[in-house]
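Please open the structure in your viewer and keep the selection tool at hand. The tour below moves from one selection to the next and says what is to be found at each stop.

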Amino acid sequence: MNDRYVGQRRALLGTMQERGIRDLNVLRAFDTVHRHEFIPEAVRHRSYEDAPVPIGFGQTASQPSLQALYMQVLELKPSDRVLEIGTGCGFQTAVLAQLADRVYSVERIRELGVRAREKLDALRMSNVAILVGDGTIGWSRYAPYDAILVAAGGPEIPRPLLEQMADGGRMLIPVGGRDMQQLVLVTRRGDDYEQRPVTDCTFVPLLGRFGWSTEAPPGQR
Ligand code: SAH
C-alpha cells in the first residue's frame, strides 16, 4: 500500500522513545499499525503528531505516547486476554491486537464502534471483538481479563471492572475530576487490589452507570 506517512511515523516513534517508551514490542506494534488509517480524513494530516486528535462526536483519539505508556506499564504478554473500554477510532484496539491474544473492546457511541469494526475488518484483525454499550459494567461474557485499559476518566473505579480482573491481572484507569485525573494502576492478587498512581492525565469523561452521569452537567444544557 502507498504509505506516504512512513517518515512522519518514524519521527513519532523517536518522540515516543524520548518520552520514555522503551518496550520494543510496543514500539514495533506502533510501527506496524498505521494511525492515519483510523483518523478521520479532515484531520488525517495530524495522525502522527504526539497529540490527541478529534474523531467526531466530541471525542478524541488519545496521545500515542500515552497509549504506549499504558501498554508498557501493563507488560502485555502474547497470551493475554485484554479488555479495552473506549474503542474510539479503533487505533489503540488494533495495536493491542498485535500485542495480546484476544482483545475485547467496548464503545458507547454506536457510530464509532461500527466504524472501528469496519477498519479492523479491512485490516483482517480477527482477534478483536467490539461491543457497543456501557463499558463501566465491563464485558462479563469473556471475563476474567489479564489486562484492562480504560481510555476515559471516571470519578471512581467501576466495581464490575475490578470483578472482571483475573488473579494477577492489571488495569489502568484515569480516576478523578471531569477535567483532570490521575492514571491509576490496579493489580489484583486474590481479593486484594493494589493501587498505584502512575501519572496525571486528562481524558474525555467515562460516561455510564459506574461513571459520570450521561445528563449534561448544570450550565451545559
Ligand atoms: N482509545 C481511543 C480513545 C477514544 S476517547 C482512541 O484512541 O481513539 C474515549 C472513548 O471512550 C470515546 O470514544 C467515548 O465515547 C468512550 N466512552 C466513554 N464512556 C464510555 C463507556 N462507559 N463505555 C464505553 N465507551 C465509553
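Begin at Gly20, the residue that comes after helix H1 and whose phi is positive, near 100°. Before going further, note that this is a predicted model, in which local features need pLDDT of at least 70 and side-chain atom pairs count only at pLDDT 80 or more, while totals for chains, interfaces and linings use all residues. Residues are numbered from 1 along each chain as its sequence is written, and side-chain values use heavy atoms, with hydrogens and water left out.

Now select residues 6–18, which make up helix H1; helices (H or I, at least four residues) and strands (E, at least two) are DSSP runs, numbered from the N terminus. The 13 residues of H1 should span 18 Å at 1.5 Å a residue, and the end C-alpha atoms are 19 Å apart, which agrees; the expected span is 1.5 Å times one less than the number of residues.

Within H1, pick out Arg9, Leu12, Leu13 and Met16, which are buried (buried means under 20% relative accessible area, exposed over 50%, and partly exposed in between, with a 1.4 Å probe and protein chains only). Looking down the axis of H1, you will find that its buried residues fall within an arc of 100°, so they line one face of the helix; the arc is that of the directions from the helix axis to the C-beta atoms. An α-helix has 3.6 residues a turn, so residues three or four places apart point the same way.

Next, show the side chains of Asp50 and Arg19, which meet in a salt bridge at 2.6 Å, N to O (a side-chain nitrogen of Lys or Arg within 4 Å of a carboxyl oxygen of Asp or Glu). Asp50 lies in the loop between H2 and strand S1 (53–56) and Arg19 in the loop between H1 and H2, so the pair ties together parts that are 31 residues apart in sequence. Asp50 is buried, with a relative accessible area of 14%.

Move on to Asp80 and Lys77, a salt bridge whose closest N and O atoms are 3.8 Å apart. Which of these two partners is buried, and which partly exposed? Asp80 is buried, at a relative accessible area of 2%, whereas Lys77 counts as partly exposed at 40%.

Finally, select Asp3, Arg9, Arg10 and Asp31, which salt bridges with shared partners join into one network.
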